[in-house]
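Me: I am new to this structure and would like to learn how to read it, one feature at a time. Could you take me through it slowly?

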Amino acid sequence: MRDFSVLGVGLLAEQTLPVGTTLFIEAGRFGKPLPPLAAEVRHATQLSNGEWLLGCRFTRHLTLSDLDQLG
């Protein structure tokens, strides 16, 4: 994970995914996993090191509790 907000997340990946693809992100910390977070790929940008930055929008706004769990 590169960055996140209540609206979306930037993920680093070894390959690109088509815009519109739905991902289910499993996250959490301290032994308290969150239910999987659904996010849709909105854009993909290849970085100079060959990795892909996937800009994803969550299907719901995250709560403060969600953000706390994500760290």
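Me: Leaving aside its neighbours within four places in sequence, which residues is T59 in contact with?
Reply: Contact means that heavy atoms lie within 4.5 Å. By that rule, and leaving aside neighbours within four places in sequence, T59 is in contact with A38 and A39. T59 and A39 are 20 residues apart in sequence, yet their C-alpha atoms are 5.5 Å apart in space. T59 itself is found in the loop between β7 and α1 (64-70), where helices (H or I, at least four residues) and strands (E, at least two) are DSSP runs numbered from the N terminus.

Me: What kind of model is this, and how are its residues numbered?
Reply: It is a predicted model, in which local features need pLDDT of at least 70 and side-chain atom pairs count only at pLDDT 80 or more, while totals for chains, interfaces and linings use all residues. Residues are numbered from 1 along each chain as its sequence is written, and side-chain values use heavy atoms, with hydrogens and water left out. The score pLDDT is the predictor's confidence in each residue, from 0 to 100. The chain averages a pLDDT of 86, and 86% of the residues score at least 70. Among the elements of the chain, β7 has the highest mean pLDDT (96), whereas strand β4 (residues 28-29) has the lowest (66).

Me: Is T59 buried or exposed?
Reply: Buried means under 20% relative accessible area, exposed over 50%, and partly exposed in between, with a 1.4 Å probe and protein chains only. T59 counts as exposed because its relative accessibility is 60%. Across the chain, buried residues make up 32% of the 71 residues.

Me: In what order do the strands of the open sheet lie?
Reply: Strands of a sheet pair through backbone hydrogen bonds, either parallel or antiparallel. Here two strands count as paired if DSSP finds at least two bridges between them. The open sheet has five strands in the order β1-β2-β7-β6-β3, with antiparallel pairing. Its edge strands are β1 (3-4) and β3, each of which pairs on one side only. Strand β2 (residues 8-13) is joined to β7 by six bridges, and G8 stands opposite R57 in β7. Seven bridges join β6 to strand β7 (residues 52-58), with L53 in β7 as the bridge partner of T45. These two strands, β6 and β7, form a hairpin with five residues between them, and G50 in the turn has a positive phi of about 95 degrees. Strand β3 (residues 22-25) pairs with strand β6 (residues 37-46) over four bridges, and the partner of I25 in β6 is L37.

Me: Which residues of β3 are on its covered face, and which are on its uncovered one?
Reply: In a regular strand the side chains alternate between the two faces of the sheet. In β3, L23 and I25 make up the covered face, while T22 and F24 make up the uncovered one.

Me: How many residues has the largest nonpolar core?
Reply: A nonpolar core is a set of buried Ala, Val, Leu, Ile, Met, Phe, Trp, Tyr and Cys residues joined through side-chain atoms within 4.5 Å. The largest one has 14 residues, and those with the most contacts inside it are V9, L11, I25, L37, L54, C56 and F58. The elements that give two or more residues to this core are β2, β3, β6 and β7, and β7 gives the most, with four residues. Leaving aside neighbours within four places in sequence, L54 has contacts that include V9, L11 and H43.
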